[in-house]
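Hi there,

I am passing on the structure we talked about, so please open it before you read on.

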Amino acid sequence: MSVDKATVAKIASLARIAMDDAALERMVPELNGILAWVEQLGEVDCSGVEPMTAVIPNELRLRDDVVDADPLTGGGKRDAVLANAPAAEHGFFGVPKVIE
Amino acid sequence: MTELTSLGVKAIRDGVAGGSFTAREVAEAFNAAVAEAGALNAFIVTTPDHALAAADAVDAKRATGGPLGKMGGVPIGMKDLFATRGVQTTAASHILEGFVPEYESTVSQKLWDAGAGMLGKLNLDQFAMGSSNETSYFGNVSSPWKKAGTNAAMSPGGSSGGSSASIAARIAPAATGTDTGGSIRQPAAFAGISGIKPTYGRCSRWGVVAFASSLDQAGPMARSVEDCAIMLEAMAGFDPKDATSLDMPVPNWEAALNADLRGRKIGIPREYRMDGTDAEILESWEQGKAWLRDAGATIVDISLPHTKYALPAYYIIAPAEASSNLARYDGVRYGLRDLPEKAGLQDMYAATRAAGFGDEVKRRVLIGTYVLSAGFYDAYYTQAQKVRALVARDFEQAWAQCDAILAPTTPTASFPLGSLDKDPLTMYLNDVFAVPASLAGLPAMSVPAMLNADGLPLGLQIVGKPFDEQGVLDTALAIQQRAGFDARPERWW
């Protein structure tokens with residue numbers, strides 16, 4: 001499978017990366033080179049093989065069902081959470097207007 | 001005091017504990033070496049005060065007779081992928097430029113608790129995506145090594161290239177690295193140092209900027225196997241904040257080191273003998289076999305039939321996970337925001353990410369978005385995860401015949417910066433020997449073997465069974481003792 005400029009534009013839009021025409025043109029052969037190369041995986045007989053989901057067998061743990069079980073990742077951290085925000089306003093993340 | 005910078009982790013720790021010198025003297029010597037080595041561009045920011053404060057704390061403890069810690073008095077470099085409280089953490093990207101974490105990564109906190117101090121944040125390939133340290137927003141890192149008879153700037157490898165360059169240049173005795181598809185082992189091989197990627201889950205990923213979460217694993221880089229063992233003990237351990245952290249005790253790897261390999265079987269995978277592999281790399285592999293035989297091991301031929309497919313599977317799985325992980329960079333919560341005039345929220349996302357990500361990062365996010373998109377998911381992503389299962393099964397079957405595997409770390413020695421950056425695929429091939437162990441989550445280490453005819457280091461790789469870091473370290477130690485690698489780059493910086 002290979003991609004054309006319109007497809008790359010669609011992917012870029014899904015990935016929320018603005019790309020002008022020149023950037024799209026540059027990306028088309030690069031992506032096609034990579035896609036043509038990974039195509040060889042189609043040669044591998046994977047019948048009866050389950051896709052890997054965990055590389056080292058491990059059980060998912062549940063944390064204690066209490067508020068702030070881990071104080072470091074619990075609540076009450078508003079200022080720390082907002083400290084690196086490009087536009088923090090009134091204790092919230094500021095974004096451009098989304099509702100007219 | 002300049003001779004202090006030629007010491008490794010063990011020598012510094014023992015020297016401070018024994019009173020041969022103070023931790024402050026060590027920190028001052030390395031701070032000075034870092035300050036003089038700007039030409040390497042190994043550090044994005046330096047933190048001499050952090051190193052001094054940690055050293056003073058260790059010296060104060062020694063004065064009162066308290067325990068100094070596994071890394072007591074050792075100043076290290078911290079790859080700029082680990083969140084460090086109050087110190088800029090960028091993943092070598094523009095999108096995180098100026099990001100100052102409010103918290104400390106588990107691995108870095110463990111190192112500080114063990115008595116280490118921080119010389120600075122080390123440069124790397126942007127978001128750890130790269131094999132040459134040419135994708136950093138903050139400029140290339142130069143290897144301290146030069147190809148004989150030339151003056152071209154050489155690649156320190158990647159993505160942990162600031163780590164490998166600083167250790168080889170003796171401006172840091174050790175550094176943290178992270179390995180997603182070879183990012184500890186390949187730079188270690190290029191720079192003539194040692195580095196181990198432990199079993200997936202040994203080191204907490206909490207506070208490490210995520211690239212491909214099912215593969216990312218932190219590990220130590222240093223100039224000897226012993227130093228790696230010491231530092232890995234300090235970095236590893238269960239962390240409830242990482243859902244994939246292994247809930248297992250941390251062995252005393254350093255104390256148990258044993259280079260006597262009698263009774264051990266070392267597998268040589270025939271599929272790693274690939275067309276186009278450098279003749280000197282193959283020669284170093286033969287030499288490695290001879291060294292391990294000399295240490296008492298039996299060499300056995302093994303087969304890892306799906307080796308050829310590991311790299312293409314990796315270049316679906318890792319970009320897929322990256323495209324998901326990097327969705328968090330949106331210009332809202334932290335990092336860069338690019339808000340064109342009259343732009344709406346969606347335009348702000350797209351403009352921010354266009355301005356904040358480098359070309360290689362964009363390429364991988366686009367590939368990942370494509371292989372996960374409706375209609376292509378099964379053909380690409382599911383197929384790659386099945387191939388990954390087969391690669392892991394190859395290793396499981398190999399363990400019936402051997403205790404560890406010996407292979408080259410890389411298909412070539414280091415190359416000049418700028419010589420491979422035209423074609424992404426050629427660059428990806430650097431990790432052809434490293435990626436299979438990553439896909440299988442296995443512990444794997446690179447240890448220096450020799451210099452090639454151009455005077456550049458070559459590394460050998462040891463891959464072990466899950467949780468058998470000890471077997472990997474022991475095998476690497478046997479090579480280290482016989483290789484006697486003591487070459488160091490001539491200072492030009």
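Below is what I found, going from the whole chain to single residues.

Please keep in mind that this is a predicted model.

**Chain B as a whole**

Chain B contains 16 helices and eleven strands. Its radius of gyration is 21 Å, close to the 23 Å that the globule rule gives for 493 residues, so chain B is as compact as a globular protein of that length. Along the principal axes, the C-alpha atoms of chain B fill a box of roughly 65 × 55 × 50 Å. Of its 493 residues, 62% count as buried. If we take the contacts in chain B with a separation of 6 or more, 77% of them are between residues 24 or more positions apart.

**Where chain B meets chain A**

On this side, 59 residues of chain B are in contact with 43 residues of chain A. Which elements of chain B give two or more residues to it? They are α10 (307-325), α11 (345-356), α12 (359-371), α13 (377-398) and α14 (424-428). The largest share, ten residues, comes from α13(B). By type, the residues of chain B that touch chain A divide into 36 nonpolar, 14 polar and nine charged.

**The nonpolar core**

The largest nonpolar core has 174 residues, and the members that touch the most others are I76(B), A174(B), M231(B), A313(B), I316(B) and L366(B). The element that gives the most to this core is α10(B), with eleven residues.

**A look at M445(B)**

You will find M445(B) in strand β10 of chain B, which covers residues 444-451. Is M445(B) buried or exposed? Its C-beta has 31 C-beta neighbours inside 10 Å, and 20 or more is the cut-off, so M445(B) counts as buried. Not counting residues up to four places away in sequence, M445(B) touches S194(B), G195(B) and I196(B), then Q461(B) and I462(B), and also V472(B), L473(B) and A476(B).

Best wishes

Conventions:
Residues are numbered from 1 along each chain as its sequence is written. Chains are lettered from A and ligands numbered from 1 in the order in which they are written. This is a predicted model: local features need pLDDT of at least 70, side-chain atom pairs count only at pLDDT 80 or more; totals for chains, interfaces and linings use all residues. Helices (H or I, at least four residues) and strands (E, at least two) are DSSP runs, numbered from the N terminus. The radius of gyration is taken over C-alpha atoms; the globule rule is 2.2 Å times the number of residues to the power 0.38. A residue is buried if 20 or more other C-beta atoms lie within 10 Å of its own, exposed if 12 or fewer, and partly exposed in between; C-beta atoms are placed from the backbone. Two residues are in contact if their C-beta atoms, placed from the backbone, lie within 7 Å. Ala, Val, Leu, Ile, Met, Phe, Trp, Tyr, Cys and Pro count as nonpolar, Asp, Glu, Lys and Arg as charged, and the others, Gly among them, as polar. A nonpolar core is a set of buried Ala, Val, Leu, Ile, Met, Phe, Trp, Tyr and Cys residues joined through C-beta atoms within 7 Å.
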